[in-house]
Amino acid sequence: MRLLHVMSYQPTTPSSIGQETRRRVWGFARPYRSMIVGFLGTITASSLLGVVPPLLFREIIDGAIARGDRGRLTILGLLVVAAALAQAALGLVERWASATVGEGLIFDLRVELFDHVQRLPLSFFTRTQTGALVSRLNNDVIGAQRALTGTLGTVVANAITALTTVVTLFLLEWRVTLLALLLLPVFILPARRVGRTVADITREGMNLNASMNATMTERFNVSGAQLVKLFGRPDDERDGFAGRAGQVRDIGIRNALFSRTFVIALTLLGAIGTAIVYWVGGSLAISGTITIGTLASMGVLVALLYGPLAQLTNARVDVMSAFVSFERVFEVLDARNSVADAPNAVDPYPVDGQLSFKGVSFRYPAAAETSVASLETDAAPGEPGRTVLHDINLTVKPGQMLAIVGPSGSGKSTLAALITRLYDVTAGTITLDGYDLRSLRQDGLRAQVGVVTQDPHFFHDTIGSNLRYARPDATETELDEACRAARIIDMVRQLPDGYDTMVGERGYRLSGGEKQRLAIARLLIKDPAIVILDEATSHLDTENEAVVQEALAVALNNRTSIVIAHRLSTVVDADEIVVLDEGRIVERGRHPNLRDANGLYADLWETLVRGNAPAGTTS
């Protein structure tokens, strides 16, 4: 069950914490209500115990010492020690409850964010900085947790301490107490302005941290590190990173100084108030209106009063700052999923594998439709708002091979992406065995479709784990069979650790041909009804291509297949070849007929034969 309902997001203004945000925060904390009640109860008991020692000191001075009663002095001293021990025990219980709630919230919030983000459409990730997104799952989640444990505990503890202290002071001497409270407005009034400023500084600091994290994420993956080295830009990268890190440093110093200045000002006010109380109380003690013990007790209590008042005033600043984290977390949780399962979606089972495109048109979604502005990048695939596929009508029967060819940017890969619902069509329908893809569960649909791209991705894990990503319960015998069919078994067996060999980030420890054949083995383990090959051999040399083609022949056997071709020689035996140009089907037929038609396909074929530029690249 989801912990948060994804609602329409409206950022809280810096000057206030919106009612909706507060409601969502408490809704998120609902599973921990009993623990939070115990946590607050412990804080309350500890705060009440805080006023006991000053009262005991009064009795020690005015009672035991004044009367020379050593027995009473011993008992009162032991009671002071007992109160301290009780507070220490309550402090341990409070810390345990705080840690349990806090770490539980971090866990729940991170899982909620991770689950929501991974289900967002591909268009979200094409526009999002990975480092900024990771920052939301780490720094912002921890900041949100602090709002419910550290800040909440501080507010409750100081409120109770202040209340009990004021009541006790009134009982001891009401005139001095009123004098002590005269400074209260001076504590409260500046808090509103300071809270707004600190919230703005905190938000800016989080954005700068996210930008710095994004830079590190991009530069420290294998592709980024390789690019930096190949272009000889380490000094420029250092200077660029230093600039971002410098901004983080400067905003941190600004935040620290601003917050500290505010706390120091409150502390000075408290010191002035305490001095006034001692002066007036001392005058009353000299005149015999109050006792020395009462004055000493009130001095301790006044110190207890101004400390919590300063903390409570600063709590507004802390709350504003902490709720910025919640605001940023909710911003991601509210990211709209434009490719979601219909409420009555079903699984496509059993699958024959007939695909039909009827009047299909598509445009890439605009930023407002799919992304979070604060996580945006400047680049995204396609041109948002421009239609890239126009009125596509196709039918692929079960077991047939459809080849899609055309110049770069003609829409080949986009067409394939629609089959797996990485995007949804803008107009028209795509059906599988007569079912509109939008009426099928995405997980069920994708279980029936296997994809091999020109640059297959592998996680930084073992060969066996990457293969079993297709089917976690696959046995080693099944891995052997798949690798044998993919013409990669000999390579795996020659490795010292076999299937336990680490492939490196994105599989960089493997050659291009090895990655392609492992990707085919992974597809065979999945055993899909439909296979999509998106430029699967475009980066291979002739020798590797021949081996991979043998493996692909096994993968395509008795399966419906969509082959996006870079080298037209790989699709001459296709049941139908479709030629795309600027998102439209301009030719279709079998290889011999298209060659004789002297159209775009014939031009692409002649280019291949002459050995000039490649006939097409990834769309």
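The side chains of Arg 588 and Glu 576 meet in a salt bridge, with 3.1 Å from N to O; the term denotes a side-chain nitrogen of Lys or Arg within 4 Å of a carboxyl oxygen of Asp or Glu. This pair links distant parts of the chain, as Arg 588 belongs to strand β10 (residues 584-589) and Glu 576 to strand β9 (residues 576-581), 12 residues apart. Arg 588 is partly exposed, with a relative accessible area of 40%. In this description, buried stands for under 20% relative accessible area, exposed for over 50%, and partly exposed for values in between (1.4 Å probe, protein chains only).

The model is predicted, so that local features need pLDDT of at least 70 and side-chain atom pairs count only at pLDDT 80 or more, while totals for chains, interfaces and linings use all residues. Residues are numbered from 1 along each chain as its sequence is written, and side-chain values use heavy atoms, with hydrogens and water left out.

The secondary structure of the protein chain comprises 21 helices and 10 strands, taken as DSSP runs (helices H or I, at least four residues; strands E, at least two) and numbered from the N terminus. Of its 619 residues, 46% count as buried. The chain exposes about 30100 Å², of which carbon and sulfur atoms supply 57%; accessible areas come from the Shrake-Rupley method with a 1.4 Å probe, and for residues only the protein chains shown count as cover. Among contacts (heavy atoms within 4.5 Å) with a separation of 6 or more, 80% are accounted for by residues 24 or more positions apart.

In soluble globular proteins, nonpolar side chains tend to be buried together. A nonpolar core is here a set of buried Ala, Val, Leu, Ile, Met, Phe, Trp, Tyr and Cys residues joined through side-chain atoms within 4.5 Å. The largest such core has 46 residues, of which Leu 467 and Ile 520 touch the most other members. Helix α18 (residues 512-526) gives the most to this core, contributing seven residues. Not counting residues up to four places away in sequence, Ile 520 touches Val 452, Ala 486, Val 548, Ala 551, Leu 552 and Ala 555. A second, separate core of 34 residues includes Ala 29, Ala 210, Val 329 and Leu 333.

Arg 328 is located in helix α11 (residues 292-333) and is buried, with a relative accessible area of 3%. Apart from neighbours within four places in sequence, the contacts of Arg 328 are Arg 136, Asp 140, Arg 203, Met 206, Asn 207 and Ala 210.

The structure holds 14 salt bridges in total. In one of them, Arg 72 pairs with Glu 59, the closest N and O atoms being 3.3 Å apart. Arg 72 lies in helix α4 (residues 70-118) and Glu 59 in helix α3 (residues 52-67), 13 residues apart. The relative accessible area is 33% for Arg 72, which is partly exposed, and 30% for Glu 59, also partly exposed. Another salt bridge joins Lys 515 to Asp 455, with the closest N and O atoms 3.2 Å apart. Lys 515 lies in helix α18 and Asp 455 in the loop between β6 (449-453) and α15 (463-468), so this pair ties together parts 60 residues apart in sequence. Lys 515 is buried at 11% relative accessible area, whereas Asp 455 is partly exposed at 36%.
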